[in-house]
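Here's a set of exercises to work through with the model open beside you. Try each task first, then follow the solution step by step.

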Amino acid sequence: MNDPTHPALKALVDDLRTLWGEGLDEEDHWLRVKDRLGVFVDQGKLRLASRNWPGGRGEELLFHHDPDYGFFVGGLVRPGPHEALPHDHAHTWTAYGVLDGTEITTLYRRTDGGEEPGRATIEISSRYQAPTGHVDLVRPWQIHAESNNGERSVAITVRTEKPGGYGQNMFFPDGTTNMNHRGLKLIPFTVDP
Ligand SMILES: [Fe+2]
């Protein structure tokens, strides 16, 4: 576990641990996580600090992996233009909050029945701005992609579990799909107080 020494991060983790301990049903639980992450990403001081955070394409900063409840808190730094491929987070939930910059969220739906292994067709179901402070909930199997407006952005994730231990679906422009994508490279990182 990475020690959450930053007071704001510690407060977030403490709140999340309390929440996990309450054992609410999934929908209520994640709406509460969303609210709590919304407070976290609405901090100007943290926003300024995040401008010095490392991390880049294909990487996720690991802030906290909870030893008791298994949830994960991470940071995604997009140093410049960023456009993710459509993907899902398999069976897990993610609260995704924009701490700095502006992102765009695109949601997709599958238009085939999954009959042909390794192939998938998808279409856009919605696309919207995710400005600083915006929090999305990524539900199990929701196909989505995040992009930014070409300038650096930073997002904070709260995930059901540490990524990398399960296969995620990736959807490629040529209509192929990879069901066993293992997420991003995790970089342990301590946010300085
Ligand atoms: Fe994602």
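**Exercise 1. Find which strands pair with β1, and in what sense.**

Start with β11 (residues 185–188): β1 pairs with this strand in the parallel sense, over four bridges. Strands here are DSSP runs of E, at least two residues long, and helices are runs of H or I, at least four long, both numbered from the N terminus. Two strands count as paired if DSSP finds at least two bridges between them.

Before going on, two notes on reading the model. Residue numbers start from 1 along each chain as its sequence is written. The model is predicted, so local features need pLDDT of at least 70 and side-chain atom pairs count only at pLDDT 80 or more, while totals for chains, interfaces and linings use all residues.

Now take β2: β1 pairs with it in the antiparallel sense, again over four bridges. Here His65 has Phe72 as its bridge partner. The two strands make a hairpin with six residues between them, and Gly70 in the turn has a positive phi of about 80°.

(Buried means 20 or more other C-beta atoms within 10 Å of the residue's own, exposed means 12 or fewer, and partly exposed is in between; C-beta atoms are placed from the backbone.)

**Exercise 2. Work out the surroundings of β3.**

Check burial first: seven of the seven residues in β3 are buried. Next, its partners. β3 pairs with β6 in the antiparallel sense over four bridges, and Thr94 has Val138 as its partner there. β3 also pairs with β8, antiparallel too, over six bridges. In that pairing, Val98 sits opposite Ala155.

**Exercise 3. Give the strand order of the open sheet and pick out its edges.**

The open sheet has three strands, in the order β5-β4-β7, with antiparallel pairing. β5 (122–130) and β7 (143–148) each have a single partner strand, so they are the edges and one side of each has no neighbour in the sheet. From one strand to the next, the twist averages 20°.

**Exercise 4. Describe how α1 and α2 pack.**

Begin with the axes: those of α1 (residues 7–22) and α2 (residues 26–40) come within 11 Å and cross at roughly 170°. That makes the helices roughly antiparallel. Then list who meets whom: Ala8, Leu12, Asp15, Leu16 and Leu19 in α1 meet His29, Arg32, Val33, Arg36 and Phe40 in α2. Sorted by type, the residues of this contact are six nonpolar, one polar and three charged.

Definitions and conventions:
Axes fitted to C-alpha atoms, helices over the stretch in contact; angles between N-to-C directions. Parallel < 35°, antiparallel > 145°, perpendicular 65-115°, else oblique. Contact = placed C-beta atoms within 7 Å. Nonpolar A, V, L, I, M, F, W, Y, C, P; charged D, E, K, R; others polar.
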